[in-house]
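Here is a short briefing on one protein model. Look over the sequence and the fold before reading on.

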Amino acid sequence: MPARQPTPDDGDGIAFTPIDALPPTRTLEVSVEGQREAREARLFQSPQGYAIYVLPQLEMTPEEPCCDLVYARVDDGFFMRIERIDEATDLATLRGDMQLALSSVGTAEDAGGHAYVAAQPGTDVELALRARGDGVSLVMLVARIDGGRYRVTLHLPHREALEGIVPSFRAMLGGLRTTGPRDAG
């Protein structure tokens with residue numbers, strides 16, 4: 001990704017990557033079982049003020065007015081929900097909301113956020129929780145990525161496709177770019 005140029009901001013000092021500065025495709029590096037693979041991904045522009053590169057084995061669609069959903073084509077039980085959240089929401093409130101959501105699967109525990117979001121300049125995982133239940137793991141993250149604040153939920157059934165899906169989600173989140181203000185709707 002080229003170095004960031006000065007860009008417009010939302011009045012809160014959050015700089016945006018202009019959508020027209022992003023190429024329609026980009027090569028993402030995905031690490032699976034210790035092997036690094038370069039895969040071409042296509043650009044998805046969210047109405048939530050961000051863009052992300054989507055790998056070929058995944059599909060992405062707006063899910064609700066506040067969220068977008070990425071799911072595995074071979075098994076849509078594997079999915080990632082991305083929600084652009086308010087900068088002002090305090091971490092204690094977010095933690096409580098996430099613990100409640102995770103309780104439907106199991107007991108929430110702290111998780112290493114960079115296992116799910118690549119550590120890169122401009123990325124800060126503020127909170128990462130995980131719950132494991134019968135046949136599924138649910139991971140929720142709050143991360144600042146490229147100037148925006150996001151809540152990411154990963155729904156990961158305990159089935160074979162898991163092996164390549166989490167690294168693919170991780171690579172995609174590493175390519176996320178904030179392109180405009182969060183939709184207040």
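**Hairpins, sheet and pocket**

The hairpin of β1 and β2 has 2 residues between its strands, and Glu33 there takes a positive phi near 50 degrees. The model is predicted. The protein chain holds 2 helices and 11 strands. Of its 185 residues, 48% count as buried.

**Chain overview**

- From the N terminus on, the elements run β-β-β-β-β-β-α-β-β-β-β-α-β.
- Take the contacts between residues at least 6 apart in sequence: 51% of them join residues at least 24 apart.

**The open sheet**

- An open sheet is formed by 4 strands in the order β1-β2-β3-β11, with antiparallel pairing.
- The edges belong to β1 (25–32) and β11 (177–178). Each has a single partner strand, so one side of each is left without a neighbour in the sheet.
- β1 pairs with strand β2 (residues 35–46) over 8 bridges, in the antiparallel sense. Within this pairing, Ser31 stands opposite Arg36 in β2.
- β2 and β3 run antiparallel and are joined by 5 bridges. Here Arg42 stands opposite Val54 in β3.
- β3 and β11 also run antiparallel, with 2 bridges between them. Tyr50 stands opposite Thr178 in β11.

**Turns and positive phi**

- Glu33 lies in the loop between β1 and β2. Its phi near 50 degrees is a positive value in a residue other than glycine.
- Is Glu33 buried or exposed? Glu33 counts as exposed because its relative accessibility is 60%, and the cut-off for exposed is over 50%.
- The hairpin of β2 and β3 has 3 residues between the strands. Gly49 in that turn has a positive phi of about 85 degrees.
- Asp146 is not a glycine either, yet its phi is positive, about 50 degrees. Asp146 sits in the loop between β9 (136–145) and β10.
- Asp146 has 9% relative accessibility and therefore counts as buried. The cut-off for buried is under 20%.

**The aromatic pair**

- How many aromatic pairs does the structure hold? The structure holds 1.
- The partners are Tyr50 and Tyr150, in an edge-to-face arrangement. Their rings are 5.5 Å apart centre to centre, with 85 degrees between the planes.
- Why does Tyr50 count as buried? Tyr50 counts as buried because its relative accessibility is 0%.
- Tyr150 is at 0% relative accessibility, so Tyr150 counts as buried.
- Tyr50 thus has a place in two topics: Tyr50 faces Thr178 in β11, and Tyr50 pairs with the ring of Tyr150.

- Thr153 is placed in strand β10.
- With a relative accessible area of 10%, Thr153 is buried.
- Which residues does Thr153 touch, leaving aside neighbours within four places in sequence? Thr153 is in contact with Phe79, Met80, Arg81, Leu138, Val139 and Met140.
- Thr153 and Glu83 are 70 residues apart in sequence. In space they are 8.6 Å apart, C-alpha to C-alpha.

**The second largest pocket**

- The second largest pocket has a volume of about 230 Å³.
- The pocket is lined by 13 residues. Closest to its centre are Glu29, Val30, Ala118, Arg170 and Ala171.
- Two or more lining residues come from each of β1 and α2 (162–174).
- Which element gives the most to this lining? β1 does, with 5 residues.
- By class, the lining has 6 nonpolar, 4 polar and 3 charged residues.

Terms used. Residues numbered from 1 in each chain as written. Predicted model: local features only at pLDDT ≥ 70, side-chain atom pairs only at ≥ 80, totals over all residues. Heavy atoms only, no water. Phe/Tyr/Trp six-rings, centres within 6.5 Å; stacked < 30°, edge-to-face > 60°. Buried < 20%, exposed > 50% of the residue type's maximum accessible area, 1.4 Å probe, protein only. Pairing = 2+ DSSP bridges. 1 Å grid on protein atoms, 1.4 Å probe; cavity = no way out; pocket = protein on both sides within 12 Å on 5 of 7 lines; lining within 4 Å. Points joined across faces, edges and corners; volume = space filled by probe spheres on them. Nonpolar A, V, L, I, M, F, W, Y, C, P; charged D, E, K, R; others polar. Contact = heavy atoms within 4.5 Å.
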